[in-house]
Each structure stands twice: as C-alpha cells, then as structure tokens.
Amino acid sequence: MSEDCIFCKIVSGEIPAQKLYQDELVTAFRDISPQAPVHVLIVPNEHFANLGEMGDAQAAALGRIAHVAGQLAAQEGIATSGWRFITNIGADGGQEVVHTHFHLLGGRPLGPLLTRS
Ligand code: AMP
C-alpha cells in the first residue's frame, strides 16, 4: 500500500469504486471517465508505479490480470466483437495514475491505436 495512491485506496476499499472483480492478487473496477461503452481498469493489488517496475516476481499477478481481462470481456459481452487492453507508462505514455493499471476497452470500434497530437 502506497500512501496517497488512489488505486491502493480503491483496492483497500477506502474510497469507493464500481468493482467488478477482486481476489487476493488483482482488482477490476469501472473507469470513472469511460472512453468507450466498456472501460474497465484491472490493477495488481500490490503497489507498483507501472508495468516497467514489475517482473518475474509478479508473474502470478500479471497472469491473473490477463485471465481476468478475458473473463470480464466475456462478462461485458465484448469477447466476440473485440477489445483492446493497454497500459500507459510514464509521461510520454500518458500515465496519470501511478499504480500499474490496464485499460480494458470495447463496445465500439476503437479506431487506430495512436492518434496524431
Ligand atoms: P492513465 O492515464 O493510464 O493513468 O489512466 C488513469 C485512468 O484512471 C483514467 O482513465 C481515469 O479516468 C481513471 N481514474 C482516475 N481516478 C479514478 C477513480 N477514482 N475511479 C475509477 N477510475 C479512475
């Protein structure tokens, strides 16, 4: 648990979120500002700044995240239509919340991966 980390506080229940799934390793909840009809965030319960800070020692959590992503895509009805699973890292990656998280997005055509800025 990292003090002042909003996602740590969601994991612990200190602040509310629309949780879709939680176990001993990972937590999934709806993004507060959805960018698509389905926009779920999946995070490791343990605090890491981003994916670059994780490695072999976190294989179980990362594997669980992948598994839960597939399960939630099915649950949300987008397993067949398709979905995107992304993680932003650092400033150029567009990361705003400094706790590893993966965006599960779908429910409409998501367009190209990158847009010109
Ligand atoms: P990123 O830009 O990859 O760091 O994404 C951070 C995401 O967290 C954004 O899509 C925000 O809308 C989302 N977010 C921030 N605060 C909350 C919150 N309290 N509950 C749910 N999602 C949040």
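A: The largest pocket has a volume of about 950 Å³, a value computed, like the others here, on a predicted model. Its lining is made up of 33 residues, of which D31, S33, Q35, H39 and H103 are the closest to the centre of the pocket. Two or more lining residues come from each of α1, β2, β3 (38–44), β4 (83–86), α3 (90–93) and β5 (102–106), and α1 provides the largest share, three residues. Sorted by class, the lining holds 17 nonpolar, 10 polar and six charged residues.

This pocket is where the ligand sits, surrounded by 16 residues, with D31, N88, E96, H101 and H103 as the closest. The shell around the ligand consists of seven nonpolar, six polar and three charged residues. Both α1 (6–12) and β2 (26–30) supply at least two residues of that shell, and α1 again gives the most, three residues.

As for individual atom pairs, a polar side-chain atom of N88 is found 2.8 Å from an oxygen atom of the ligand, whereas for E96 it is a polar backbone atom that lies 2.6 Å from a ligand oxygen, and for V97 likewise a polar backbone atom, at 2.9 Å from an oxygen atom of the ligand. The ligand taken alone exposes 510 Å², and the protein buries 85% of that area.

Conventions. Residues numbered from 1 in each chain as written. Predicted model: local features only at pLDDT ≥ 70, side-chain atom pairs only at ≥ 80, totals over all residues. Heavy atoms only, no water. Near = heavy atom within 4 Å. Polar contact = N/O pair within 3.5 Å; in protein donor to acceptor, adjacent residues only side chain to side chain. Areas by Shrake-Rupley, 256 points an atom, 1.4 Å probe, with all protein chains shown as cover. 1 Å grid on protein atoms, 1.4 Å probe; cavity = no way out; pocket = protein on both sides within 12 Å on 5 of 7 lines; lining within 4 Å. Sits in = over half its atoms within 2 Å of the grid points. Helix = DSSP H or I, 4+ residues; strand = E, 2+ residues; numbered from the N terminus. Nonpolar A, V, L, I, M, F, W, Y, C, P; charged D, E, K, R; others polar. Points joined across faces, edges and corners; volume = space filled by probe spheres on them.
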